[in-house]
Amino acid sequence: MGAIKISSVGKVYPNGTRALEDVNIEINDGEFVVLVGPSGCGKTTLLRMVAGLEDITEGEISIANTIVNEVALKIETLQWFFKIMLYILICLFMTIWLFHLNYVKYQKMKLIKK
Ligand SMILES: Nc1ncnc2c1ncn2[C@@H]1O[C@H](COP(=O)(O)OP(=O)(O)O)[C@@H](O)[C@H]1O
Ligand SMILES: [Mg+2]
């Protein structure tokens, strides 16, 4: 998989909570690491940051020499793209559906007039 390098990593959540400060860990290929600490010390936050699920507010995380700070940003952009495409599709579908409903109403009115 490649080495994981966590350099001077810190995390401040949007609500101002500081979860991590100046974390430095280097895990080489094939090494086995266990994160131990009291509840609330930031274990989950760190793992989520390594997985690219949480943005990295301070420092740098690299996996196999690829900085994942940027990967997380790319994933976010991609998520936005798909969300916007979904909204456009929904709008399109609604427009077509409304057109169909109007058409049905028009046909019914024609029948009533007859
Ligand atoms: N989404 C969040 N928003 C704000 N604060 C958070 C959030 N998630 C975790 N925290 C805070 O960050 C700190 C570290 O939490 P966490 O990473 O869950 O610790 P652990 O997994 O070691 O128990 C705690 O003080 C927690 O309250
Ligand atoms: Mg946890």
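**Note on the predicted model: ligand shell, sheet and core**

1. The shell around ligand 1 consists of three nonpolar, eight polar and one charged residue. In this division Ala, Val, Leu, Ile, Met, Phe, Trp, Tyr, Cys and Pro count as nonpolar, Asp, Glu, Lys and Arg as charged, and the others, Gly among them, as polar.

2. This is a predicted model, in which local features need pLDDT of at least 70 and side-chain atom pairs count only at pLDDT 80 or more, while totals for chains, interfaces and linings use all residues. Residues are numbered from 1 along each chain as its sequence is written, and chains are lettered from A and ligands numbered from 1 in the order in which they are written.

3. The residues around ligand 1 are Tyr 13, Asn 15, Thr 17, Ala 19, Gly 37, Ser 39, Gly 40, Cys 41, Gly 42, Lys 43, Thr 44 and Thr 45; a residue is near a molecule if its C-beta atom, placed from the backbone, lies within 6 Å of it. With three residues, helix α1 (residues 43-50) gives the most to this shell. Helices (H or I, at least four residues) and strands (E, at least two) are DSSP runs, numbered from the N terminus.

4. Four strands form an open sheet in the order β2-β1-β3-β4, with antiparallel pairing. Because β2 (18-27) and β4 are at the edges with a single partner strand each, one side of each has no neighbour in the sheet. Two strands pair if DSSP finds at least two bridges between them.

5. Strand β1 (residues 4-12) is joined to β3 (residues 58-63) by five bridges, and the two run antiparallel. Ile 4 is opposite Ile 63 of β3.

6. Between β3 and β4 (residues 66-67), also antiparallel, there are two bridges. Ser 62 has Ile 67 as its bridge partner in β4, and Ile 63 has Thr 66. Two residues lie between the strands of this hairpin, where Ala 64 takes a positive phi near 50°.

7. Which residues make up the largest nonpolar core? Its eight residues are Ile 6, Val 9, Leu 20, Leu 46, Met 49, Ile 56, Ile 61 and Val 68. At least two residues of this core come from each of β1 and α1. Such a core is a set of buried Ala, Val, Leu, Ile, Met, Phe, Trp, Tyr and Cys residues joined through C-beta atoms within 7 Å, buried meaning that 20 or more other C-beta atoms lie within 10 Å of the residue's own, with C-beta atoms placed from the backbone.

8. The domain assignment, automatic or from a database, gives domain 1 (1-72) and domain 2 (74-114). Their centres, taken over C-alpha atoms, are 43 Å apart.

Technical notes. Buried ≥ 20, exposed ≤ 12 C-beta atoms within 10 Å, placed from the backbone.
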